[in-house]
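Subject: Structure handover

Hello,

Here is the structure I promised to pass on. Please have a look at it before reading my notes.

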Amino acid sequence: MRYSLRINGSVHEVDLVPETTLLDALREHAGLTGTKKGCDRGQCGACTVLVNGRRVLSCLTLALMHGDDDVTTIEGVAGDGRLHPLQQAFVEHDAFQCGFCTSGQIMSALGLLAEGRTLDPETIRERMSGNICRCGAYPNIVDAIGAVAERSA
Amino acid sequence: MQPFTYQRVDSLARARAALLEDPRAQMIAGGTTLLDLMKAGVERPAAVIDINALPLAAIDVTPQHVRIGALARNSDVADDPTIVREFPVLVQALAAGASGQLRNMATVGGNLLQRTRCTYFRDNVSRCNKREPGSGCDARAGVSRGHAVLGTSESCIATHASDMAVALAALDATVIVMRADGEVRLTLDQFYRLPEERPERETVLERGDVIVAVELAPAPLYRRSHYLKLRDRASYEFALVSAGASLEIGHDGTITRSRLALGGVGTVPWRAQDAERVLDGGQAGPELFRRAADAAFTGAVTTPYNAFKVELAKRAIVRVLETLAASAS
């Protein structure tokens with residue numbers, strides 16, 4: 001069935017069946033493969049995207065449920081050839097090794113920053129616990145998010 | 001996932017009609033349990049009815065009541081200023097559940113209806129009376145470290161996984177259900193069914209019923225409330241045991257009213273009324289708290305794998321009650 005999704009400010013016409021998850025719609029139909037499929041069962045956070053500015057797991061929601069929503073993926077984060085401050089902080093703090101979880105980490109952290117909490121390291125660790133990093137880059141991920149939170153505080 | 005039809009409904013009447021039309025139809029709200037289990041093949045709806053367009057997401061506050069719409073997201077409930085002030089146990093339980101992403105998706109109604117984490121239920125291979133009525137229970141003789149010790153039966157020892165529902169039980173919450181003849185109001189004890197011989201029937205909901213709200217009534221008792229969750233890792237994990245309690249303590253240290261509910265140990269969110277009876281009228285302190293904790297588990301039935309939960313839960317109860325007794329009223 002032809003269907004339109006608003007992703008990163010652009011309308012994408014896609015051909016979906018009801019069982020297409022938002023994750024599969026992004027990767028397989030809209031060609032946006034920055035969002036990663038890790039566990040596909042809501043346990044790893046690699047597929048995190050923003051829906052209307054809030055972080056969600058794209059593997060546990062159907063694409064058809066989001067026809068009226070604004071979806072933001074990692075491809076929509078940088079602007080005008082410049083990295084988003086959070087992306088820059090991940091680079092500066094060496095907050096990834098293999099990189100597979102990184103787009104999910106960044107989208108989750110963007111959602112977290114928008115939630116408006118005071119982000120001390122303990123709060124960051126707790127609130128980011130839905131994003132698993134198999135390389136174990138956690139200390140540097142916490143540092144990167146903390147640095148951006150401090151600057152925007 | 002096996003194919004299904006998808007329909008977005010814009011009224012409660014249409015939702016109810018769609019559910020009654022097709023016995024294999026299921027509602028989807030946050031989707032975090034349903035889609036997970038559909039991928040596992042455990043849930044196989046022929047029709048998915050999307051109820052997210054229904055006007056059931058508001059949290060309405062009046063002086064007497066806080067009415068939380070069934071589609072309110074867990075994160076919105078946990079951030080609501082009235083709920084933060086009046087019902088700390090609920091905020092703490094929600095914050096201890098799942099992850100930031102899942103809390104943005106999961107709804108209050110869906111949380112009440114989330115299915116067990118029993119691996120024998122979820123693997124779609126083992127014998128499971130909940131998944132395939134009458135097939136048997138592989139959990140009883142299996143690895144049952146996560147399983148229940150209260151409210152179990154020969155048919156089922158699966159634990160109810162919700163933190164939120166445990167807090168709601170400690171707050172005397174009312175579940176409001178829309179049925180053909182109007183709204184039905186149920187306490188959590190009335191809402192959930194013990195497994196007995198029919199573990200596939202987890203609640204008293206009938207075909208076509210829709211949870212529309214959860215209602216709470218602010219009171220000093222609930223303002224002094226607390227949730228403690230113990231688990232294998234510090235975050236993003238289901239409870240081994242949890243305890244939620246509300247306490248009202250007089251100036252002389254006598255407990256005038258109490259509510260105690262337990263998670264991780266029961267086949268349903270477990271209201272420990274035996275323990276409350278010990279607490280009420282007693283002098284707040286470690287001796288009374290330990291006696292109350294003992295009373296909560298007099299009926300416990302354990303397996304070699306989960307027997308440790310009894311002592312762990314008793315200590316959790318004592319710690320929650322000590323925390324509340326030490327807090328300013």
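This is a predicted model: local features need pLDDT of at least 70, side-chain atom pairs count only at pLDDT 80 or more; totals for chains, interfaces and linings use all residues.

**Overall fold**

Chain A has five helices and five strands. Along the sequence they run β-β-α-β-β-β-α-α-α-α. The radius of gyration is 15 Å, close to the 15 Å from the globule rule for 153 residues, so chain A is as compact as a globular protein of that length. Its C-alpha atoms fill a box of roughly 45 × 30 × 25 Å along the principal axes.

**Inside and surface**

Of the 153 residues in chain A, 52% count as buried. Take the contacts in chain A with a separation of 6 or more: 55% of them join residues 24 or more positions apart. The accessible surface of chain A is about 6900 Å². Carbon and sulfur atoms make up 48% of that surface.

**Helix α2**

Helix α2 of chain A spans residues 85-92. Which of its residues are buried? They are A:Leu86, A:Gln87, A:Ala89 and A:Phe90. These cover an arc of only 160 degrees around the axis, so they sit on the same side of α2(A). In general, an α-helix has 3.6 residues a turn, so residues three or four places apart point the same way. The buried residues of α2(A) pack against α3 (102-114) and α5 (138-152) of chain A. After α2(A) comes A:Asp94, with a positive phi near 55 degrees.

Best wishes

Definitions and conventions
Residues are numbered from 1 along each chain as its sequence is written. Chains are lettered from A and ligands numbered from 1 in the order in which they are written. Side-chain values use heavy atoms; hydrogens and water are left out. Helices (H or I, at least four residues) and strands (E, at least two) are DSSP runs, numbered from the N terminus. The radius of gyration is taken over C-alpha atoms; the globule rule is 2.2 Å times the number of residues to the power 0.38. Buried means under 20% relative accessible area, exposed over 50%, partly exposed in between (1.4 Å probe, protein chains only). Contact means heavy atoms within 4.5 Å. Accessible areas come from the Shrake-Rupley method with a 1.4 Å probe; for residues, only the protein chains shown count as cover. The arc is that of the directions from the helix axis to the C-beta atoms.
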